Amino acid sequence: MRDKLLHTVLPVVTGIWLAGAIVAAFMAVPPISGLGELGRIAWFHIPSAWVSVLAFAVATVNSIIYLARRGIEADDRAVAAAGLGLLFALIATISGAFWARRAWGVFWNWDPREASIVILLLLYGAYFALRAAIDDERRRGVLAAAYNIAAFITVPYLVFVVPRVMESLHPDPVVNADGSGGMAGDMMGVLILTTIGFTLLFLWIFSIAVRYIRLRREVLHGGAL
Amino acid sequence: MSNSVSERDSGTVSPAAEPPAGGLAAAARAVLIKDLRCELRTGSALLTIFLFAIVTLTVVSWGIGGRILEPVVQASLLWTVIYFASSVGLARTFVREEETGTILVLHLTAEPLAVLAGKMLFNLLLMLALTVLITPLFLALLSVSVGAPGVFLLLLAFGVIGLAAISTLVAVIIARAHLKGPLFGVLAFPILLPVLLIAVRGTEQALGGAPLAEVSGYLTGLAGFAGAAITVSFLLFPPIWEG
């Protein structure tokens, strides 16, 4: 039942939802003032950044589960999520650089969020470098999980400290209580549409990636688990 | 390892099966003393990182050639020298045990947390020794004037504690993965980036003569990182050590 939901219903829902969200992002809202059509990057950039954070959180939770219970499935999920997190972080970085070029005149200026995403890219790049260097499956799982959890202590610093130490050009957090300095309502609606769409997309690719990792291991070890 | 050392170890280290409260501290002290004794006999780790720091400092000082730099550049260079020196030397503590095969003896004779505590203290002493040696040279060679010496020293001490804690954890990961050198910098650097950023900004303020009250945010940031790093290390060490 769960598999059927994942492999048949989820892709269809994701496809329809994302198609609608993309159409809405281009048709339902006017260009952001001063940025022209390039401003529409935001409707895809912000969801990518959100999905990368979600994916890294999923990876960390599964690393903790792996260290606690040592089931190889948790390690599979951690790897799949970390890989997707890296992919979406790259998409967010590149799309953000084009936005920055248009809005602020430079591709890169060490804004706190830019600094944070560079740290995340380096952390998970190191995570995969560590995995690639270890042959033994169990040891690879344990050491990579430990590294992933240790890396988590940087998170409060990325969220609270780095923004205070560095100057920011990023727009204010778009969700604020009184709505001042936030987004126009219809734009917020589009952002919510694309964010849900990207989250569904992540869940779908994640389920495929986990299956792929499991099947590859079964083939490589020449037998069922 | 000489007879006297092994006798001392077998006398003070409690077996892993029964961990009494006093036993952990005694075992950690035994690991620390063992490492200090190895270090005093060969001098390899301190000499390596000290010479590496000197070389880096010489390259920088040579290139600058007597010009006076901005405080932010001075602070960045100081932490660059300290970070790279640590990345050369601190992985040695566990990698050496793996290379010589003595890691098995450690497994048999000492509790995991005692091993970690001993090794972390050793790395901390190593880094403090390096900082004490290299900082005066740095100040002299680059003609740096320190506006608030007390704050400057506090920042150095807190920063080095976080550096030593994370380096020790990454060192054991490297050793258990049978890896040597290059990956250490790759693994340690991203985790240490926030602490380096805070340390550089705080040091910049201290060089400019900011009073303690203005720099206290940086100090608590560094202290918090050091505390988190030590806590996470103690939580993660047992599975790494046994897995």
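At what angle do the axes of α4(A) and α5(A) cross, and within what distance do they come? The views below start there; the model is predicted.

**View 1. How α4(A) and α5(A) run past each other.** The two axes cross at roughly 165° and come within 9 Å. An angle over 145° counts as roughly antiparallel, so that is what α4(A) is to α5(A). As for handedness, α4(A) passes α5(A) in a right-handed crossing.

**View 2. The residues where α4(A) and α5(A) meet.** From α4(A) come Leu123(A), Tyr127(A), Leu130(A) and Arg131(A). Facing them, α5(A) brings in Arg140(A), Leu143(A), Ala144(A), Tyr147(A), Asn148(A) and Ala151(A). Sort the residues of this contact by type and you get 7 nonpolar, 1 polar and 2 charged.

**View 3. Chain A against chain B.** Here 25 residues of chain A are in contact with 25 residues of chain B. On the chain A side, the elements giving two or more residues are α4 (112–132), α5 (137–151) and α6 (155–165). The top contributor is α5(A), with 9 residues. By type, this side of chain A splits into 22 nonpolar residues, 1 polar and 2 charged.

Terms used: Residues are numbered from 1 along each chain as its sequence is written. Chains are lettered from A and ligands numbered from 1 in the order in which they are written. This is a predicted model: local features need pLDDT of at least 70, side-chain atom pairs count only at pLDDT 80 or more; totals for chains, interfaces and linings use all residues. Two residues are in contact if their C-beta atoms, placed from the backbone, lie within 7 Å. Helices (H or I, at least four residues) and strands (E, at least two) are DSSP runs, numbered from the N terminus. Ala, Val, Leu, Ile, Met, Phe, Trp, Tyr, Cys and Pro count as nonpolar, Asp, Glu, Lys and Arg as charged, and the others, Gly among them, as polar. Axes are lines fitted to C-alpha atoms, for helices over the stretch in contact, and angles run from 0 to 180 degrees between N-to-C directions. Angles under 35 degrees count as roughly parallel, over 145 as roughly antiparallel, 65 to 115 as roughly perpendicular and the rest as oblique. A crossing is left-handed if the near helix is turned anticlockwise from the far one by less than a right angle, and right-handed if clockwise.
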